[in-house]
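Before going into details, please look over the sequence and the model together.

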Amino acid sequence: MNRLLFAEKKEKGSVLEQMDAIDRKVNISQELIRVTNQQSNLLNRQINANIRSIGKLREDLEFLKKDYAQLIQKSYQNKLNGNRLMFLLSSDNFFQAFKRMQYMKQYANHRKKQGLEIMTKTEELAVRNKDLVQQRKVKDRLIAENTKVKKNLYAEIASQKALLKSIRQNESKYAAAIDDKKKEARRIDREIEKLIRSAIASSNKKSGSSSKTSFALTPEAKLIASNFSSNKGKLIWPVEKGVKSQGFGVYADKVYPGIKHQNNGVIIATDKGAEARAIFEGEVMTIFTNKNGVKGVYLRHGNYISMYYNLSKIYVKKGDKVAAKEALGEVYTNRFDSSTKLKFYLYQDTKKLNPEDWVYRL
């Protein structure tokens, strides 16, 4: 998170980026603490169960030792008194005498084997218990570290709020920036919708369909769309490494929570020089460049469209068939704040989809 979301202290101009990153760091730290607490509790239960098992085995072993000692004692006494010999000699025939001899041997060996097996199990449980105790120490240490991290993060948030306060003093300037941000988002949405409708019209014209809102699918396209749909929730990330910087849908402004923003895709922060990659097999439907020179790629998967926006370089061309994980282009790195972010969108025909529902753990 520190590396990808640039949460180190910077100039006030990037305070919103810092605030957003720190919020997510706090949430992740809290989740990590919750998980490690659960792991520690689980280990405690396993340790207690092992202790009870060891105690029970020790009782069983002690009982068997006493029982075995009595057996040895009685066997010795019987041997001295000649009772063992008499037991054998009192047999009706040789076969019965042989069976009695075998019985005495087997009984003694069985008792001995039982004692040895329980001793072995006790040793194994003792080793396991030792390992669990060590793991619990590790988890306790991790929890303590996470708690410390969370405390530090809250301190960072306090400092960020102080910066936010200074920004709010120049409300008109910030309001203008918000307005520009919303205008840019609406412009991108219009661009996307226009390109999709144009692609649908162009594709349907070839097949003789008059629909302007949905693709007329060939049997091959239907198969691709079906495969894409069946992989819902399991699709790969559009970058090899990254962190979700902004999710899908409506979200509150960091400075003025009463102001809401709409994000029709997801924004993923990644490393400088990172490449956008296809989340599924498909065909390059459109490549475009905006007025600032930032590029984007549209991939078609039957009647599904995945869009990779904010690229500085493009590796593919319109009409190319691409495979899952194939590199499409390099993600643009902002020269002012050094952030590298991919804007990723997902559509079914002209319907907006939440990529978080489709991409694995996005």
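Asn310 is buried, its relative accessible area being 12%, where buried stands for under 20% relative accessible area, exposed for over 50% and partly exposed for what lies in between, computed with a 1.4 Å probe on protein chains only. This residue belongs to strand β8 (residues 304-314), strands being DSSP runs of E with at least two residues and helices runs of H or I with at least four, numbered from the N terminus. Most residues other than glycine have a negative phi. Asp349 also has a positive phi, near 55 degrees, and sits in the loop between β11 (341-348) and β12 (351-353), where it counts as buried at 11% relative accessibility.

The model is a predicted one, in which local features need pLDDT of at least 70 and side-chain atom pairs count only at pLDDT 80 or more, while totals for chains, interfaces and linings use all residues. Residues are numbered from 1 along each chain as its sequence is written, and side-chain values use heavy atoms, with hydrogens and water left out.

Taken as a whole, the chain has 7 helices and 12 strands, and 37% of its 362 residues count as buried. The mean pLDDT, the predictor's confidence in each residue on a scale from 0 to 100, is 81 for the chain, with 86% of the residues reaching 70 or more. Over residues 5-13 the pLDDT is below 50, and this stretch has 28 contacts in the model beyond near neighbours in sequence, a contact meaning heavy atoms within 4.5 Å. Where pLDDT is low, the predicted coordinates should not be read in detail.

Across the whole structure there are 7 salt bridges, each defined as a side-chain nitrogen of Lys or Arg within 4 Å of a carboxyl oxygen of Asp or Glu. One of them joins Glu191 to Arg187, with the closest N and O atoms 2.6 Å apart; these two residues are separated by about one helical turn, because they stand 4 residues apart in helix α5 (residues 171-207). Glu191 is partly exposed at 25% relative accessible area, whereas Arg187 is buried at 16%. Another salt bridge, at 3.6 Å from N to O, brings together the side chains of Glu330 and Lys313. Glu330 lies in strand β10 (residues 327-331) and Lys313 in strand β8, so this pair ties together parts that are 17 residues apart in sequence.
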